[in-house]
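Hi! Here is the structure I promised you.

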Amino acid sequence: MAAISREEVAHLARLSRLAVTEEELDTFAGQLDVILQAVAQVGEVAAADIPPTSHSVPLTNVFRDDVVTPCLTPQEALSGAPDAQEQRFRVPRILDEDVAS
Amino acid sequence: MTDLTKLTAVEIAGLVASGETSAVEVTQAHLDRIAAVDGRVNAFLHVDTEGALAAAREVDTRRAAGAELGPLAGVPVAVKDVLTTKGVPTTVGSKILEGWRPPYDSTIVQRLRAAGTVMLGKTNMDEFAMGSSTEYSAYGPSRNPWDTDRIPGGSGGGSAAALAAYEAPLAIGSDTGGSIRQPGAVTGTVGAKPTYGGTSRYGLVAFSSSLDTPGPCARTVLDAALLHEAIGGHDPRDSTSIAAPVPDVVAAAKLGATGDLTGVRLGIVTEFGGEGAEPGVMAAFNEAVDTLTKLGAEIVEISCPNFGYALPAYYLIAPSECSSNLARFDGVRFGLRVGDDGNRSLEEVMSLTREAGFGPEVKRRIMIGTYALSSGYYDAYYGQAQKVRTLITRDFTAAFERVDALISPTTPFVAFPLGARTSDPYQMYLADLFTIPTNLYGGPGISVPCGLADGLPVGLQVMAPTMADDRMYRVAAALESAVGTLTPPVL
């Protein structure tokens with residue numbers, strides 16, 4: 001049985017903000033199925049009582065002194081932006097109707 | 001006259017320091033070499049001719065003024081395009097960052113500049129460091145100088161190919177699942193993955209933050225150790241950086257070069273001995289084991305029962321972290337923006353931008369990660385993989401109670417032909433079978449040339465306990481002293 005359906009892949013693509021094509025969906029559905037069936041092997045390990053490892057370095061709450069240091073100027077920070085306006089990143093509209101006016 | 005491109009970093013630094021040659025001459029020789037061969041190798045995505053010559057002139061000026069030069073002053077270095085370089089294009093092998101010139105230097109690059117090295121340019125890689133062949137680069141694959149119809153490994157294939165083609169004596173890579181060591185193995189060069197946290201991730205474009213580790217690539221073990229020393233050490237701007245001195249890797253490489261491993265206990269992992277590796281690779285590895293025995297090492301076999309689950313665990317953990325990290329590529333702050341026609345919504349523009357900017361492997365991993373992290377599957381996939389990670393760490397800890405280091409072939413197969421594994425993504429993942437356990441554990445690993453199989457290089461991997469990076473340099477240097485460095489055919 002397939003681990004993942006074409007419809008599920010389409011859902012994942014939407015969640016991932018990827019406007020995939022129909023052709024890609026066909027290809028990815030087969031490939032993701034192979035990969036997910038392979039990685040599902042982790043389920044064979046009896047690990048119910050084992051604590052998870054998220055990170056190999058045992059560090060928590062690393063602090064720095066609260067000292068002001070130089071940082072990027074607004075111009076530098078905006079230098080790679082696709083669009084900028086009044087020292088801000090300009091983005092496409094986020095609301096259905098223009099409520100600004 | 002000496003061909004400056006055939007020298008080691010140690011030799012170049014010596015000639016520059018003594019004034020027998022200038023940093024500008026050395027740099028020009030490498031720029032000429034790049035111009036002559038990179039059309040066939042495609043190791044570089046960007047060559048910074050002016051920046052390199054300016055840095056070289058600065059070294060020569062400082063020397064003329066009587067300033068004390070560091071051990072790598074005047075030595076050219078190629079930098080994997082995953083590290084930010086101020087004003088110099090940084091693409092991560094992706095269309096989504098095409099043309100981006102970062103406003104700041106990564107810590108590694110800052111340290112390279114402070115050491116007086118000369119950055120030649122940025123090297124090719126699989127997009128976002130996801131791959132084992134550079135075939136997933138958006139800018140075309142790099143080619144293996146041993147056989148240009150074959151892959152140079154990945155993701156850092158550009159850095160390794162640049163070394164093997166004598167375009168640079170030193171290079172920087174990054175290793176998330178083997179991306180320094182596997183390219184080193186298949187190009188007959190040396191690649192070291194430091195202990196996680198031993199080298200700074202500040203300015204390293206993130207793929208999998210709990211695994212990503214920048215590190216040195218070179219043609220000799222001592223050169224790699226010197227580069228490791230120059231870039232390593234605590235960085236307050238990386239919160240996972242380890243606040244401890246760099247292990248004395250240079251002294252260890254020099255000790256190893258004496259060829260005496262008396263009293264060193266090395267373990268061969270039983271689980272790596274099955275059908276995983278090609279016969280030619282196993283033959284070269286077994287011969288190297290005999291050599292290590294003759295050098296005085298004691299060899300024992302050690303079982304690490306959970307290593308067999310490292311590959312599936314990795315291909316859940318790394319994609320999960322990637323799906324989160326790559327959310328920042330949204331067409332807002334840097335890079336590509338597609339479809340912003342004044343009518344489409346932000347979300348539509350984001351989806352079109354990411355669709356156009358990411359290649360197929362990156363899309364696959366983002367979707368796998370999104371799947372593994374979704375509420376219904378989290379425990380069975382991501383959560384379970386994190387538990388397996390704990391068990392793999394326990395295997396390493398138990399092994400290092402019995403031996404000083406573990407050894408294995410670096411990769412199961414020699415350089416494969418371009419196109420051989422791109423149609424089946426999982427076949428590509430198998431290239432990292434032997435390198436991945438170390439990343440999950442967080443310890444250091446190095447690949448050093450150990451011989452040839454069918455005329456192609458084979459690498460031996462040494463894995464050491466966390467913050468015992470010096471041990472792997474000692475063993476690697478000892479093997480190198482017996483085997484010698486591998487010289488690729490003349491391009």
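Asp454(B) sits in the loop between strand E10 (445–453) and strand E11 (456–463) of chain B; helices (H or I, at least four residues) and strands (E, at least two) are DSSP runs, numbered from the N terminus. Before I go on: this is a predicted model, where local features need pLDDT of at least 70, side-chain atom pairs count only at pLDDT 80 or more, and totals for chains, interfaces and linings use all residues. Residues are numbered from 1 along each chain as its sequence is written, while chains are lettered from A and ligands numbered from 1 in the order in which they are written.

Asp454(B) isn't a glycine, yet its phi is positive, about 55 degrees. Most residues other than glycine have a negative phi, and most peptide bonds are trans. Asn42(B) also isn't a glycine and has a positive phi, near 55 degrees; look for Asn42(B) in the loop between helix H2 (23–41) and strand E1 (44–47) of chain B.

Are these two buried or exposed? A residue is buried if 20 or more other C-beta atoms (placed from the backbone) lie within 10 Å of its own, exposed if 12 or fewer, and partly exposed in between. Asp454(B) has 10 other C-beta atoms within 10 Å, so it is exposed. Asn42(B) counts as buried because it has 22 C-beta neighbours inside 10 Å.

Ser155(B) is in the loop between strand E3 (118–123) and helix H5 (157–164) of chain B.

Cheers!
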